[in-house]
Amino acid sequence: MLLYALRRLIYLVPVAFGVSLLVFALVHLAPGDPISAIVPPDAPKEVVDKLKEYYGFDKPLPVQYLRWLGVTLTGDLGTSIGTGRSVATEVGSAFGNTIILAIAATLFAFTLAVILGTSAAYAKSRIVDRLVTLISLIGVSVPHFWLAIVLVIIFAVELGVLPPMGIGPENSTGWTFDRAHLAHMVLPTIALSVIPLGVVTRTVRSTVKETLSMEFVTALQAKGMRDSRILLHVLKNAAPTCLAVMGLQAGNLIGGSILIETVFAWPGTGFLLNSAIFRRDLPILQGTTLVLAGFFMLLNLTVDIIQTMVDPRIKRG
Amino acid sequence: MALQSPSLDIGGAVLVTPKPTAGGRGYWQSVGRRLRRDPVTLVCAAILILLVLASIAAPYLYLADPYKTSMIRRLYPLGSPNHWLGTDELGRDMFARLIYGGRLSLFMGVTPVVCALLIGGSLGILAGFVGGKTNMAIMRIMDVFYAFPSVLLAISLSGALGAGTENTLLSLTLVFIPPICRVSESVTTQVRGFDFVDAAKASGASAFTIVRVHVLGNVLGPILVYATSLISVAIILAAGLSFLGLGVKPPEPEWGLMLNTLRQAIYVNPVLAALPGVMIFITSICFNLMSDGLRAAMDVKA
């Protein structure tokens with residue numbers, strides 16, 4: 001098992017190398033050179049050249065890449081052009097806020113999806129099955145940032161029961177466990193969870209249905225086992241597939257929450273990325289993308305390994 | 001196939017059933033027959049055709065000028081005389097803007113998938129058919145793109161390239177190439193293992209002929225079904241980029257951008273502010289249902 005994990009980790013190295021190349025290229029995709037973003041257009045040439053030298057932009061691209069990679073590997077992601085603070089600090093504090101929201105949305109979506117999907121697979125009446133299918137269809141089709149706005153309109157503007165934006169009461173930039181912060185989390189969590197809810201409900205429904213038609217279920221029934229015990233067996237068989245799909249969805253929540261974070265002004269990585277794009281703060285753009293992609297890779301690896309651990313049917317070849 | 005985030009997760013392998021009568025007329029006829037008997041798919045197709053026709057014919061529909069602003073007629077509610085869907089924050093007619101908005105929104109959702117289908121599909125078929133080192137090289141490059149959540153990739157690329165319709169199309173195409181390539185590669189690898197491909201090789205058919213006649217006929221179905229399932233993701237993602245200010249620039253009418261600019265109106269006229277999203281929702285749900293219908297009619301298991 002350990003060997004398998006190690007092999008997967010080694011396999012990740014070339015991919016990580018490719019990712020670093022792509023993230024490095026992001027800055028150079030930008031129109032104009034990276035310096036033009038921070039100096040006024042009428043800056044004297046000497047100043048521009050000095051800055052280019054300071055940031056190392058005067059060197060050939062491969063040299064720049066190796067230097068950047070070397071510095072990045074030590075954990076130094078550079079300095080934000082907008083705020084002058086270190087990128088690692090900025091991304092670090094935003095990342096915590098994103099994770100909290102993602103965990104809440106994942107738990108909410110997964111719990112609901114398992115209940116809905118299982119009941120649809122078990123349902124004798126077509127109505128329940130149809131209803132659950134409809135819910136999952138809506139989940140995957142609804143533009144989630146629009147749903148976020150609709151939620152704000154209903155619960156914040158019309159009913160006035162929940163706060164429309166922010167992570168907590170005024171000037172709060174970090175998350176703490178109290179009533180006010182929880183209230184601020186409700187709407188973003190719901191808006192963020194619709195896509196994974198739709199996707200996972202679909203998966204749970206089809207996997208449980210498939211498992212139910214297997215022979216071992218008939219055997220257990222013939223043996224006279226109680227239905228609740230059989231359900232346990234069925235769920236255990238369906239779990240690996242569902243967990244894998246949920247793992248991928250969780251990763252996407254963390255990388256894809258930018259739209260929701262923007263609607264709710266939630267100070268996470270997405271919000272940071274958005275403001276960095278509009279300030280042309282390329283070090284932040286680069287740093288955030290790198291951290292999120294790295295996290296996504298590790299999460300996918302973990303899901304893969306867990307799936308292999310819980311599902312003996314997968315060969316560890 | 002459903003969204004990852006909107007999402008691009010590939011749920012398991014796509015299974016190909018061999019149909020040696022490559023692209024035989026009988027198969028496509030039966031697909032067409034099954035589609036015509038599917039009421040859900042028909043209704044969705046009708047709605048989509050209506051939307052497409054309306055956006056193409058928008059200049060000839062005697063609509064109000066979607067660019068004409070008016071400081072006194074701002075944020076009229078629904079059902080106002082002359083503006084039955086109200087007016088936006090600059091006094092422009094909402095109905096006209098929603099119809100005109102379909103032009104860019106539909107275009108920006110469909111084009112990247114079509115481009116990605118051509119590029120990613122060719123790369124995938126190449127990788128699957130040639131195999132060996134070529135396969136390794138192509139698929140490892142795709143793995144790099146897979147290391148990014150799709151929304152993050154689209155936003156980072158658009159953010160680096162700068163706002164604008166062309167840049168959005170470019171970054172969305174790049175986002176959709178890897179998943180299409182992966183599906184194409186896996187179905188082509190399966191088809192390559194079938195006996196009729198060996199038979200064709202033994203009879204001296206050139207690689208090009210084998211791909212054209214035997215491989216394409218069998219892999220096109222699954223790849224097309226998968227690509228159609230990406231259109232709804234693409235429409236939401238394109239609208240999302242414009243919503244963030246990374247796509248279409250004002251004053252062009254586009255549903256995502258309209259949602260953004262109308263956000264300031266949620267306290268004054270909430271129903272109006274939500275309207276552009278309804279259009280995105282309808283379009284995306286229709287494309288999803290169409291894709292499901294196509295999958296069933298083509299008998300693709302995924």
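Visitor: How many residues does the contact take from chain B and from chain A?
Guide: This is a predicted model, in which local features need pLDDT of at least 70, side-chain atom pairs count only at pLDDT 80 or more, and totals for chains, interfaces and linings use all residues. Residues are numbered from 1 along each chain as its sequence is written, while chains are lettered from A and ligands numbered from 1 in the order in which they are written. Two residues are in contact if their C-beta atoms, placed from the backbone, lie within 7 Å. The contact takes 42 residues from chain B and 47 residues from chain A.

Visitor: Which element gives the most to the side of chain B that touches chain A?
Guide: Helices are DSSP runs of H or I with at least four residues, strands are runs of E with at least two, and both are numbered from the N terminus. On the side of chain B that touches chain A, the elements giving two or more residues are α4 (132-146), α5 (150-161), α8 (207-243) and α10 (270-298) of chain B. With nine residues, the element that gives the most is α10(B).

Visitor: Which residues touch the most other members of the largest nonpolar core?
Guide: A residue is buried if 20 or more other C-beta atoms lie within 10 Å of its own, exposed if 12 or fewer, and partly exposed in between, with C-beta atoms placed from the backbone. A nonpolar core is a set of buried Ala, Val, Leu, Ile, Met, Phe, Trp, Tyr and Cys residues joined through C-beta atoms within 7 Å. The largest one has 147 residues, and α8(B) gives the most to this core, with 19 residues. The residues that touch the most other members are Ile149(A), Val200(A), Ile180(B) and Ala234(B).

Visitor: Which residues does Val200(A) touch, not counting residues up to four places away in sequence?
Guide: Val200(A) is one of the residues with the most contacts to other core members. With residues up to four places away left out, its partners are Ala109(A), Phe110(A), Ala113(A), Cys242(A), Val245(A), Met246(A) and Gln249(A).

Visitor: What is the count of buried residues in helix α8 of chain A?
Guide: Helix α8 of chain A covers residues 215-223 and is followed by Gly224(A), whose phi is positive, near 90°. This helix is hardly covered, and among its nine residues the buried count is zero.

Visitor: Is Ala265(A) buried or exposed?
Guide: Ala265(A) lies in the loop between α10 (258-264) and α11 (269-278) of chain A. Its phi is positive, about 50°, although it is not a glycine. Because Ala265(A) has 12 C-beta neighbours inside 10 Å, it counts as exposed.

Visitor: How do the residues of the contact of α11(A) with α12(A) divide by class?
Guide: From α11(A) come Thr269(A), Leu272(A), Leu273(A), Ala276(A) and Ile277(A), and from α12(A) come Ile284(A), Leu285(A), Thr288(A) and Leu292(A). The division is seven nonpolar, two polar and no charged.

Visitor: Which residues join in the cis peptide bond of chain B?
Guide: The loop between α8 and α9 (255-261) of chain B holds Pro251(B). The bond has an omega of about 5°, and it joins Pro250(B) and Pro251(B).

Visitor: What percentage of the residues of chain B count as buried?
Guide: Chain B has 10 helices and zero strands, and its C-alpha trace spans about 75 × 45 × 30 Å along its principal axes. Of its 302 residues, the buried share is 50%.

How values were computed
Nonpolar A, V, L, I, M, F, W, Y, C, P; charged D, E, K, R; others polar.
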